[in-house]
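This briefing covers one protein model with its ligand.

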Amino acid sequence: MAGFVGASHEFHDAAFVRGWASRFVPTPPRLQLFDMILDQIESLGLPQAHVVELGTGPGYMARHILQRNPTISYEALDFSEVFFDVARETLGALSGRVTFTSADLMDPSWPDRLTSRPDAIVSTWALHDLGGQRPVADVYARAYSVLAKGGILVNGDFIKPDGTLWDYEPGRFEISRHLEFLRAAGFENPKSLALLEHNLTDPTAAQNYACLVATR
Ligand SMILES: C[S@@+](CC[C@H](N)C(=O)[O-])C[C@H]1O[C@@H](n2cnc3c(N)ncnc32)[C@H](O)[C@@H]1O
């Protein structure tokens, strides 16, 4: 059996966004990804790390991280005001620790919108939505340019698993290509920490995501 894996979204439509957010709730494997990302941030050993999330969406990862670490300063970047509204609701009182930065990741000047130099840039299930390999590689290059020396990029995103017979939308591509792009951007030691919800035979659009990490 083979088919197509992909999804289309209406990121600026309130009904779509709220419906999507109510379906894509944190499940145990998604929480495992959040924990891996938090571990990477904490491994920096910084007392007050500045963390920037690319594509904050409904704020599920932001909430997970902020609930568990009281000192991180968090900057939530997205281009959807509707998703910012949902993220504020998800975060409740934790919103007070978050700077909401409106920017389009397809615009190469997005790093100029950040309030301060990040120690970590993190993202989950967002960069594949940029629609292809080149925009993701460009985001990696810009992330490298804005990160503090010794800082990290951690991208948990949908990929195309090796050995699949299925077609995947262009933003979902092989882990090896991600690692090539990270290396080309200048990052040291890019690697994949895990491939979660791995499904070769009958994948859904919510399965097959990797946790990619690289150091500036
Ligand atoms: C799946 S959601 C992220 C989920 C989030 N990481 C969480 O844990 O709740 C993807 C987000 O990426 C944002 N996004 C997609 N394309 C973008 C772009 N070009 N610039 C900025 N944000 C974008 C969408 O608006 C959406 O909020």
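Across which strands does helix α4 lie, and at about what angle does it run to β4? In this predicted model, helix α4 (residues 81-91) lies across β3 (73-78) and β4, and its direction is at about 170° to that of β4.

**Sheet**
- Seven strands form an open sheet with mixed pairing, in the order β4-β3-β2-β5-β6-β9-β8.
- At the edges are β4 (98-102) and β8 (188-196), each of which pairs on one side only.
- On average, neighbouring strands of this sheet are turned by 20° against each other, direction ignored.

- Strand β9 (residues 209-215) pairs with β8 in the antiparallel sense, over 6 bridges.
- Within this region, L195 stands opposite A210 in β9.
- Helix α6 (residues 175-185) packs on the sheet and touches β6 (152-158), β8 and β9.
- The direction of helix α6 makes about 155° with that of β8.

**Ligand surroundings**
- There are 23 residues around the ligand, of which E53, D78, D104, L105 and T124 come nearest.
- E53 places a polar side-chain atom 2.9 Å from a nitrogen atom of the ligand.
- From Y60, a backbone N or O atom lies 2.9 Å from an oxygen atom of the ligand.
- F79 has a polar backbone atom 3.4 Å from a nitrogen atom of the ligand.
- Taken on its own, the ligand has 600 Å² of accessible area, and the protein covers 98% of this.

Conventions
Residues numbered from 1 in each chain as written. Predicted model: local features only at pLDDT ≥ 70, side-chain atom pairs only at ≥ 80, totals over all residues. Heavy atoms only, no water. Pairing = 2+ DSSP bridges. Helix = DSSP H or I, 4+ residues; strand = E, 2+ residues; numbered from the N terminus. Axes fitted to C-alpha atoms, helices over the stretch in contact; angles between N-to-C directions. Contact = heavy atoms within 4.5 Å. Near = heavy atom within 4 Å. Polar contact = N/O pair within 3.5 Å; in protein donor to acceptor, adjacent residues only side chain to side chain. Areas by Shrake-Rupley, 256 points an atom, 1.4 Å probe, with all protein chains shown as cover.
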